[in-house]
Amino acid sequence: MAFFQNHQYFLLAILFCLVHFTLASRQVPKSSQDDQLMVFQYHNGPLLSGKISINLIWYGKFNPSERSIIVDFVTSLSSSSIPTTNQPSVATWWQATEKYYHLLKSKKASPLVLSLGTQILDETYSLGKSLTRQQIEQLSSKGEQKNAINIVLTSSDVAVDGFCSSSCGTHGSLLSSEIAPSKGKIYKFAYIWVGNSATQCPGQCAWPFYQPMYGPQTPPLVSPNNNVGLDGMVINLATLMAGTVTNPFGNGYFQGPASAPLEAASACPGVYGSGAYPGYAGKLLVDTTTGASYNAYGTNRKKFLLPALLDPSTSTCSTLV
């Protein structure tokens, strides 16, 4: 495992404060001249633990092959079925989040066990093709709310408030009673939203698989699943998943202001392999047949590109390759 130790690449220059309940977002990276270091800290709040279901809410048009990319990524997080020869794996990448739990003074919480839950398809655009953040929250409530992470995935023809201009996705938490009047026990659940940027802003939210809009104009990489929009969604979802479990309610692990925190993966923007620097994703694995770049194997022979995770004990970005 390689370590990328240059702190200046941790920082995103401009982080936008998003709407109420939103804890963090996978931000659109922009250039920065602020090299002041921020300390990565634990803020004494709970992390997600125990058995957690990951529910997928598909909003808009996704074909079966596109849905399978996300489903296989989610199942790969805790999969033990990947051959040992296919390393590094998504599960290996995810195990790095365990370091955050090991640093806690209280270890009474149950280990985190993720599993794929229900999938909900909304192909009729029930709320239209232009969504507010409040409507994203409304959609997230369609999934099971007990011991859950509800993930809203919007198709490439759906506009979301702030999408592309300030973020590629967000995560936060809600009480079930905040969406609808409570008819029973109230649950606090985590949610994530990620948009498909293929036709709206691939240079911002699907880099390095598309020519960047800002910064060094390096040639784009070939995406591992031959789908720039969905492979970009995997990067953003992975970033937000790491932030969700380590900072689910806004008082876990992060650096910077609580209104716009840098978290486990978003603290390492643009870092995917060893030797990364602005405009260069780092040294990656390359498929000899397709020329696609990746750094992790998943289930069903899928390959993915996943972001570096900040090692909380050393404050350095840790990559799989």
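## The chain as a whole

In the protein chain, 75% of the contacts with a separation of 6 or more are made by residues 24 or more positions apart. Keep in mind as you browse that this is a predicted model.

The protein chain holds 7 helices and 17 strands. Of its 321 residues, 55% are buried. Its accessible surface is about 13,800 Å², and carbon and sulfur atoms own 52% of that area.

## How H1 and H7 pack

Two packed helices are described by the angle between their axes and the distance between the axes. Here, helix H1 (residues 64-76) packs with helix H7 (residues 228-246) at an angle of about 30°, and their axes lie 10 Å apart. Angles under 35 degrees count as roughly parallel, and H1 and H7 are therefore roughly parallel to each other. Their crossing is right-handed.

On the H1 side, the residues that meet H7 are Glu66, Ile69, Ile70 and Phe73. H7 brings Leu230, Asp231, Met233, Val234, Leu237 and Ala238 to this contact.

## A look at lysine 302

Let's turn to a single residue. Lysine 302 sits in the loop between strand E14 (296-297) and strand E15 (303-304). Its relative accessible area is 14%, and buried means under 20%, so lysine 302 is buried.

Which residues does lysine 302 touch, not counting residues up to four places away in sequence? They are Ser68, Ile69, Asp72, Asn225, Ala296 and Tyr297. One of them, Ile69, also belongs to the H1 residues that meet H7.

Methods. Residues numbered from 1 in each chain as written. Predicted model: local features only at pLDDT ≥ 70, side-chain atom pairs only at ≥ 80, totals over all residues. Heavy atoms only, no water. Axes fitted to C-alpha atoms, helices over the stretch in contact; angles between N-to-C directions. Helix = DSSP H or I, 4+ residues; strand = E, 2+ residues; numbered from the N terminus. Parallel < 35°, antiparallel > 145°, perpendicular 65-115°, else oblique. Left-handed = near helix turned anticlockwise from the far one by under 90°. Contact = heavy atoms within 4.5 Å. Buried < 20%, exposed > 50% of the residue type's maximum accessible area, 1.4 Å probe, protein only. Areas by Shrake-Rupley, 256 points an atom, 1.4 Å probe, with all protein chains shown as cover.
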